[in-house]
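This short report looks at charged pairs and at one part of the surface. Please view the chain below before reading on.

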Amino acid sequence: MTQKRGPRRRDRHGRGLRGPLAPSHVPMAKARSERFDDLVLDAVDRLRPRWDRQLSAVEFAVEEVPPLSELGDGPGVGADPIPFGRADAASGQRPASIVVYRRPLEARARDRDTLGAMVHDTVVEQVATLLGLSPETVDPGYDERS
């Protein structure tokens, strides 16, 4: 006669994880994509005090990579044909949106601090494009980092 056992917490040799490596409230427990989302939200929050009215109707999103339609092909396209983000103006029922591409930014960042700065610059550039302003107008500290 076999007994019904509860869910296994370890492998058959008694090794393996009993539970999560870190509590859910510490940054280590977040996935890389969740940490990237937080960087985008932080960049938007830094712009809100000055541009809250203009950004209130803008949707922000993160995508892994740009669609093929946005990628350049061949020489002469430019030094860096892979975009970091895009800004789409509102049209009809669709609100204005800003999309930041995670993989191209992560591929170029040396470390987390550099990634945070690159994400912020990308958000500033896309907001500037959407509002028809220069990035230096949107964030006066922008030209100091570029």
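## Salt bridges

A salt bridge here is a side-chain nitrogen of Lys or Arg within 4 Å of a carboxyl oxygen of Asp or Glu. Side chains of opposite charge can pair when their charged atoms come close. The model is predicted, and a search of the whole structure turns up seven salt bridges.

## A network around E106

Salt bridges connect R32, E64, R102, R103 and E106 in a network. E106 pairs with R102 at 2.8 Å, N to O. These two residues are about one helical turn apart because they lie four residues from each other in helix α2. Both E106 and R102 are buried.

E106 also forms a salt bridge with R32, at 3.7 Å, N to O. This pair links distant parts of the chain, 74 residues apart: E106 belongs to helix α2 (residues 102–108) and R32 to helix α1 (residues 32–55). E106 counts as buried because its relative accessible area is 17%, and the cut-off for buried is under 20%.

## A pair between two strands

R86 and E63 meet through their side chains in a salt bridge of 3.8 Å, N to O. R86 is in strand β2 and E63 in strand β1, 23 residues apart. R86 is partly exposed, with 21% relative accessibility. E63 is also partly exposed, at 29%.

## A nonpolar surface patch

On the surface, L68, L71 and I82 make up a nonpolar patch, with about 280 Å² of accessible area together. I82 sits in the loop between β1 (59–63) and β2 (85–88). With 34% relative accessibility, I82 is partly exposed.

How values were computed: Residues numbered from 1 in each chain as written. Predicted model: local features only at pLDDT ≥ 70, side-chain atom pairs only at ≥ 80, totals over all residues. Heavy atoms only, no water. Patch = residues over 30% accessible without salt bridge, like charges linked within 9 Å, V, L, I, M, F, W, Y side chains within 5 Å. Areas by Shrake-Rupley, 256 points an atom, 1.4 Å probe, with all protein chains shown as cover. Buried < 20%, exposed > 50% of the residue type's maximum accessible area, 1.4 Å probe, protein only.
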